[in-house]
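Please look at the sequence and the model together before reading on.

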Amino acid sequence: GAHVMEECRFNRTIVKDRHIVAVETNKGIIECDYFVNAGGLWARKIGQMSEPHVKIPVHPAENHFLYTRPVEGLDPMMPAIRDPDGNIFIREYNGGFLTGGFEKWAKPSFEKGDLPEGTFEREAQVDWDHFYVMLREMLHRVPIMKSAILGQLLNSSDGFSCDGKWVLGQSSEV
């Protein structure tokens, strides 16, 4: 029963009796029984655009992730690995590895509040020295990665909660 509308800009929520009944977008008003704020980097801003304001404890921070070239014999059904002790994740992607981290002390981004308009405008400067701590954990957790040929390291801002956990459930405001 869900519908996905791409390139659709959120403008505001329409609230009646403390329930969101519709959202106003650049493509018109969309009525809804449920509203899920899955805005990632923009989740806090979406909450602030609601009336009343909904407090979303998420802040934008840099997020490094690495692609490797294909690794011979890597099973495409390899389970995704999330290591909370090492603050890393590793999964198969196009025959190679896609890896990244969930840092305890990630570098904040867009500190002045000027969030980018689109997803492609959130890329930041790559910092191999900063990523090395995560890479060391990845090589420890999955030793076969030592033989992988590195592809590309990217750094793109994303939304993170203060404790690194998910923000789930109904808001108290709406």
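The text below treats aromatic rings, then a histidine, then a threonine.

The model is a predicted one, in which local features need pLDDT of at least 70 and side-chain atom pairs count only at pLDDT 80 or more, while totals for chains, interfaces and linings use all residues. Residues are numbered from 1 along each chain as its sequence is written, and side-chain values use heavy atoms, with hydrogens and water left out.

**Aromatic rings**

The structure holds 5 aromatic pairs. Rings of Phe, Tyr and Trp (its six-membered ring) pair if their centres lie within 6.5 Å; planes under 30 degrees apart count as stacked, over 60 as edge-to-face and the rest as tilted. Two of the pairs are set out here.

| Pair | Distance between centres | Angle between planes | Class |
|---|---|---|---|
| F65 and Y67 | 5.9 Å | 75° | edge-to-face |
| F89 and F102 | 5.4 Å | 50° | tilted |

The pair of F89 and F102 links distant parts of the chain, 13 residues apart: F89 belongs to strand β7 (residues 88-93), and F102 to the loop between β8 (96-101) and α2 (128-141). Helices (H or I, at least four residues) and strands (E, at least two) are DSSP runs, numbered from the N terminus.

Accessibility is described in three classes: buried means under 20% relative accessible area, exposed over 50%, and partly exposed in between (1.4 Å probe, protein chains only). F89 is buried at 19%, whereas F102 is partly exposed at 28%. F65, at 17%, counts as buried, and Y67, at 23%, as partly exposed. Ring pairs also join F65 and Y67 with Y93 in a cluster.

**H64**

H64 is found in strand β5 (residues 64-68) and is buried, with a relative accessible area of 0%. Its side chain reaches the backbone nitrogen of D127 at 3.1 Å. The side chain of H64 also makes a polar contact with that of N155, at 3.5 Å. A polar contact is a pair of N or O atoms within 3.5 Å; within protein, one must be able to donate a hydrogen and the other to accept it, and residues adjacent in sequence count only if both atoms are side-chain atoms.

**T13**

T13 lies in strand β1 (residues 10-16) and is buried at 5% relative accessibility. Beyond its neighbours within four places in sequence, T13 is in contact (heavy atoms within 4.5 Å) with I20, A22, V23, F35, S50 and E51.
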